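Come along and look up each place with me.

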Amino acid sequence: MRPIQMVDTKTQYQKIKSQVDQAVLQVMDSSGFINGKAVQDFAFNLASYLTCKHTIPCANGTDALQIAMMALDLQPGDEVITPSFTYIATTEVIALLRLTPVFAEVDPRTFCIDPSSLEKLITPRTKAIVPVHLYGHAAPMEEIMAIAKKHNLYVIEDNAQAIGSDYTFPDGRKKKTGTIGHIGATSFYPSKNLGAFGDGGALFTDDDALAAKMKMIANHGQSRQYYFDVVGCNSRLDTIQAAILDIKLKHLDEYIVARTTAADFYDKGFSNHPSITPPYRANYSRHAFHQYTILVEGGNNSATMRNELKDFLAGHKIPAMIYYPVPGHRQKMFAHFQLSTRDMPTTDWLTERVISLPMHTELDEEQLQFITGKVLEYFNR
Ligand SMILES: *Cc1c(COP(=O)(O)O)cnc(C)c1O
């Protein structure tokens, strides 16, 4: 059996190596390392894939979130509602811009913002909601957009883990996650579903004015050469990364299928198990399975049991990860905020029970069988 990895970007690369190598060499020959043709080509192809009007490439997913918030003219002290149960980047940029993060609870099934927790968090200072499509499962965007509309709030989707996921509205209309809110932000970090060979990120929007502003902010606030209209930053996607991403974009749908096949295999193994809850799949979306995250329940203490499972798997050379062991509302970084929402029982409950199993495009049946078997063996000892 091939060694089991949490993410196997190497095998994935080997399958498209000749195309990728050629594209990289082409960039090197052209020496257009910054804003080369591949950057525009990739932005155009990504916009067509997502069916959104504008995509703005940038340096990474964290920058994308920051640029989105800068473009909305939020003022220091303005409140931004976001889940506590997410990667730190989502919440960190809020505080970096001197805005106030307000943490919302998540739905324990979807791991995404619970719309029923939103309205009581809204104050006159609330300006935006940042839902996160965590692990590749879409947040309930229809309800979130309805609340945002009612209270005149912006919605920035953190789509770093769900690129390619479809969202189906009750009338049958489909949209890609990241294109439903006012702005979508994504990351091309190598382990993401659409991963570069280094850092990368992008913003999506259908709004012409916002697109122009975000483009300007990502480029030092420059309106034309050497005229700087607003304070911006320097956030670019390298041409080499864009060339690689343009090739990988063509494979994104098949990558999601491969991830889903692995998820289906796991699901079968874990169905009806008293201690394991496999990931929920809401009927309104196609899960992109950035992670395959189960909930572990049992023993005297579920967290202890979960941690022991992780160690047991490690003993059999099966990596597993806890995403994320410390939720935002418990991070030191935010200790000075008068967070109205320090009491987050659902988020704490999930934090103690989640464990993510190996999930990538290159898992074969032998590996999946071995992982599933060892997880079950742990509970049947
Ligand atoms: C990866 C990730 C980010 C940040 O992306 P980077 O490219 O690493 O800056 C933001 N939010 C979520 C949910 C992520 O998973």
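Predicted model: local features only at pLDDT ≥ 70, side-chain atom pairs only at ≥ 80, totals over all residues.

Entry 1: Is Cys 58 buried or exposed? Its relative accessible area is 0%, so I wrote it down as buried. Next I looked for disulfides, and the count came to zero. Cys 58 is in none: the nearest cysteine sulfur belongs to Cys 233 and is 8.1 Å away. A disulfide would need the two sulfur atoms within 2.5 Å. I then turned to Cys 52, which has a relative accessibility of 9% and therefore counts as buried too. I looked for a disulfide at Cys 52 and found none, since the nearest cysteine sulfur, that of Cys 58, is 13 Å away.

**Entry 2: H4 and H5.** I moved on to helix H4, residues 61–71, and its packing with helix H5, residues 88–96. Their axes come within 9 Å and cross at roughly 40 degrees. The two helices are therefore oblique to each other. I noted the crossing as right-handed. Which residues make the contact? From H4 I listed Thr 62, Leu 65, Gln 66 and Met 69, and from H5 Ala 89, Thr 90, Glu 92, Val 93, Ile 94 and Leu 96. Sorted by class, that contact has six nonpolar, three polar and one charged residues.

An α-helix has 3.6 residues a turn, so residues three or four places apart point the same way.

**Entry 3: H4 and H7.** I stayed with H4 and looked at helix H7, residues 208–218. The angle between them is about 120 degrees, and their axes are 9 Å apart. That makes H4 oblique to H7. This crossing is right-handed. On the H4 side I found Ile 67, Ala 68, Met 70 and Ala 71, which meet Leu 210, Lys 213, Met 214, Ile 217 and Ala 218 of H7. I sorted these residues into eight nonpolar, no polar and one charged.

**Entry 4: H9 and H12.** My next pair was helix H9, residues 252–270, with helix H12, residues 365–380. How far apart are their axes? They are 10 Å apart, and the packing angle is about 30 degrees. H9 and H12 are therefore roughly parallel to each other. I saw a right-handed crossing here. H9 brings Ala 262, Phe 265, Tyr 266, Gly 269 and Phe 270 to the contact, while residues of H12 include Glu 365, Leu 368, Ile 371 and Val 375. The classes are eight nonpolar, three polar and one charged.

**Entry 5: H11.** In helix H11, residues 345–353, I checked which residues are buried: Thr 347, Asp 348, Leu 350, Thr 351 and Arg 353. What do they pack against? I found strand S13 (292–296), helix H10 (302–315) and strand S14 (354–357).

**Entry 6: a proline in a loop.** I finished at Pro 140, in the loop between strand S4 (126–129) and helix H6 (141–151). Pro 140 has a relative accessible area of 7%, so I marked it as buried. Leaving aside neighbours within four places in sequence, I found Pro 140 in contact with Cys 112, Ile 113, Pro 115, Tyr 167 and Tyr 284. I also looked up Asp 107, which is 33 residues from Pro 140 along the chain, with 9.8 Å between their C-alpha atoms.

Note on methods:
Residues numbered from 1 in each chain as written. Heavy atoms only, no water. Axes fitted to C-alpha atoms, helices over the stretch in contact; angles between N-to-C directions. Helix = DSSP H or I, 4+ residues; strand = E, 2+ residues; numbered from the N terminus. Parallel < 35°, antiparallel > 145°, perpendicular 65-115°, else oblique. Left-handed = near helix turned anticlockwise from the far one by under 90°. Contact = heavy atoms within 4.5 Å. Nonpolar A, V, L, I, M, F, W, Y, C, P; charged D, E, K, R; others polar. Buried < 20%, exposed > 50% of the residue type's maximum accessible area, 1.4 Å probe, protein only.
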